[in-house]
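Hello,

Here is the structure you are taking over. My notes on a pocket and on aromatic rings follow below.

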Amino acid sequence: MTEREEQQEQAATGEPEERIAALEAERDEYLDQLRRVAAEFDNYRKRVARDQESLVARAHERLMKALIPVLDDLERALVAAEEHEEAKLHEGVGLVARELRKALEREGLEEIETDGSFDPHVHEALLSQPSELDEGSVVEVLQKGYRLGDRVLRPARVVVSQGVPQETE
């Protein structure tokens, strides 16, 4: 028999003062347990918040490290633009674009495919026009779309085919 059970048995057979004392002791024990659980939960909540902040900080740090070389290349392109060397400017801006694309792809960014038919989940139709392509096919991409994992960050803005133009008589 546990100590608590013994106290309860004695209290049940004893005087009302003994019963009250036993019940108060049990109440105090439960209250102490509740306070400990509440303190443990509060500590857990604070630890999770700290871990979350740390994770976000590391993610930002990694992204910034990946984008610093892009910034360097962009600054070189601006210096070349001041010197009016068009070939170097074009090459510099192309280098910046490639570096930025690589950095973003390493972080999981993917360009949304626009070949084939219109998909309202990843494309945004801005216009529709008659064309030789099948109805619902993407005719032209006005702005590229991107996704990160399975989430669409920006839908591809496209022109959609209405089908083969019908001749009026």
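**The largest pocket**

Helix 3 (86–106) and strand 1 (109–111) each supply at least two residues of the lining of the largest pocket. Helices (H or I, at least four residues) and strands (E, at least two) are DSSP runs, numbered from the N terminus. The model is predicted: local features need pLDDT of at least 70 and side-chain atom pairs pLDDT 80 or more, while totals for chains, interfaces and linings use all residues. Residues are numbered from 1 along each chain as its sequence is written, and side-chain values use heavy atoms, without hydrogens and water.

Helix 3 gives the most to this lining, five residues. Of the lining residues, five are nonpolar, none polar and four charged; Ala, Leu and Tyr count as nonpolar, Glu and Arg as charged.

**The aromatic pair**

There is one aromatic pair (ring centres within 6.5 Å). F41 and Y44 form this pair, with 6.4 Å between centres and 35° between planes, and it is tilted (under 30 degrees would be stacked, over 60 edge-to-face). The two residues are about one helical turn apart because they are three residues apart in helix 2 (residues 16–82). F41 is exposed (over 50%), at 53% relative accessible area.

Regards

Notes: Rings of Phe, Tyr and Trp (its six-membered ring) pair if their centres lie within 6.5 Å; planes under 30 degrees apart count as stacked, over 60 as edge-to-face and the rest as tilted. Buried means under 20% relative accessible area, exposed over 50%, partly exposed in between (1.4 Å probe, protein chains only).
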